[in-house]
Amino acid sequence: MSDTFDALWAALAPLGRHRTTGGYRRFTWGPADTEVRAWFTAAAAERGLDVRTDRNGNLWAWWGEPGPDAVVTGSHLDSVPDGGAFDGPLGVVSALAAVDALRARGVRPARPLAVTVFVEEEGARFGVPCLGSRLLTGAITPGRAAGLTDAAGTTYAAAMAAAGLDPEHMGPDPDLLAGIGAFVELHIEQGRGLVHTGHPVGVAGAVWPHGRWRLDFSGRADHAGTTPLADRSDPMLPFAATVLAARAAAAEHGALATIGKVLAVPNGTNAIPSRVRAWLDARAPDEAALRAVTAQVDAAARAAATDNGVLLTTYQESASPIVRFQTALRDRIAAVAGGGPGEPVPVLPTGAGHDAAVLAAQVPTAMLFVRNPTGVSHAPDEHADTADCHRGVAALADTLAALAG
Ligand code: GLV
Ligand code: MN
Ligand code: MN
């Protein structure tokens, strides 16, 4: 089992990795994404799994005929800009390795079993995270998804078509969903919860509510060396005030708020920008705290824009409500992963979004976490020890065996 995990991991590792940063740039429907999808299709086919692409481009590798009451496991292969190797791929590689482990044990699942790869989980290219699972469940309309654009103005529909898939068929698939009896996503932990408990593996309890907002500060372009301060409409100033307000609001409400992406136009050293576009990512333990944070940031951004003669428009790009995973499935898996009912692995909340959280609205869903020694994620230094990855595969194989029989 560890051999097959290691071989799969080694084969996937070079794909989409940036030569100088060492981070991954696997952006949905781009060349690296096409490579990792082809890698998955080949690896699944080598195992005799029947690989199908659903109407939204998500990949499903079936062991047995699809549905009913299928046990499904998987994650995603796309990345954030300069992302780590584990966020997403660990769940996909572990799923394939778990299939190998079950076969090596002579398990013949009584229920159909599938390994999935969801499309555009990070929302790095088109802005809305978990797009594949949102489309599948109807949490986003195909019309809205089709019209999303990347930084170059390419629409989601055009990018999907360029990758050889037909965007006309996008949309909810209630029949496919109705055939899923349980979905389990294994993921690297994006924090140090398991380091503190001393366990290599845990299960997810809840996913914090979170969302993304785009803020457009529009001012007036002018000369940096000649325009008196009093005559400026500089959108950089309310933008800067908003970054600080986000930090303060998050601290006040026990939440998290980040502005990690910003575009200044025209981006010249000696010119006052005409526009600054920024994206706010906010997350909190509960919906009330999240609302309080975003209201506070919005008020601060508006006040600073007014003070500086700048126009502000805002747009919510995505909303992800709080998700509490079903306790029965969660506790069952915690016991299986711990090796028995007396020693369940820990249950942890997370501020990170996942396809599992989207599916949880319609399917019994659970997540397994693998220890991350530093907690770093969405960065090239993201890491899990190989021995812990192997324990994750074993826990996933035990879980699938328990669920699928
Ligand atoms: C996805 O990893 C997210 O939480 O943004
Ligand atoms: Mn991620
Ligand atoms: Mn992920």
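This is a predicted model: local features need pLDDT of at least 70, side-chain atom pairs count only at pLDDT 80 or more; totals for chains, interfaces and linings use all residues.
**Ligand 1**

The space that ligand 1 takes up is the largest pocket. Around ligand 1 stand Asp 87, Glu 122, Arg 212, Arg 283, Ala 352, Gly 353 and His 378. Sorted by class, this shell holds four charged residues, two polar ones and one nonpolar one.

Side chains from the shell make polar contacts with oxygen atoms of ligand 1; the table lists Glu 122, Arg 283 and His 378.

| Side chain | Atom in ligand 1 | Distance |
|---|---|---|
| Glu 122 | oxygen | 3.1 Å |
| Arg 283 | oxygen | 2.7 Å |
| His 378 | oxygen | 3.0 Å |

Taken alone, ligand 1 would expose 200 Å², and the protein buries 95% of that area.

His 76 and Asp 87 are 11 residues apart. His 76 belongs to strand 3 (residues 70-76), while Asp 87 is in the loop between strand 3 and helix 3 (89-104).

A further manganese ion, ligand 2, is 3.7 Å from the manganese ion (ligand 3). Asp 87 coordinates both ions, and Asp 87 is also one of the residues that surround ligand 1.

Notes:
Residues are numbered from 1 along each chain as its sequence is written. Chains are lettered from A and ligands numbered from 1 in the order in which they are written. Side-chain values use heavy atoms; hydrogens and water are left out. A residue is near a molecule or strand if one of its heavy atoms lies within 4 Å of it. A polar contact is a pair of N or O atoms within 3.5 Å; within protein, one must be able to donate a hydrogen and the other to accept it, and residues adjacent in sequence count only if both atoms are side-chain atoms. Accessible areas come from the Shrake-Rupley method with a 1.4 Å probe; for residues, only the protein chains shown count as cover. On a 1 Å grid over the protein atoms alone, a cavity is a set of points where a 1.4 Å probe fits but cannot get out, and a pocket is an open set with protein on both sides within 12 Å along at least five of seven lines; lining residues have an atom within 4 Å of a point. A molecule sits in a cavity or pocket if more than half of its atoms lie within 2 Å of its grid points. Ala, Val, Leu, Ile, Met, Phe, Trp, Tyr, Cys and Pro count as nonpolar, Asp, Glu, Lys and Arg as charged, and the others, Gly among them, as polar. Donors are N, O and S atoms within 2.8 Å of the metal (3.2 Å for Na, K and Ca); water is not among the atoms, so sites may look incomplete. Helices (H or I, at least four residues) and strands (E, at least two) are DSSP runs, numbered from the N terminus.
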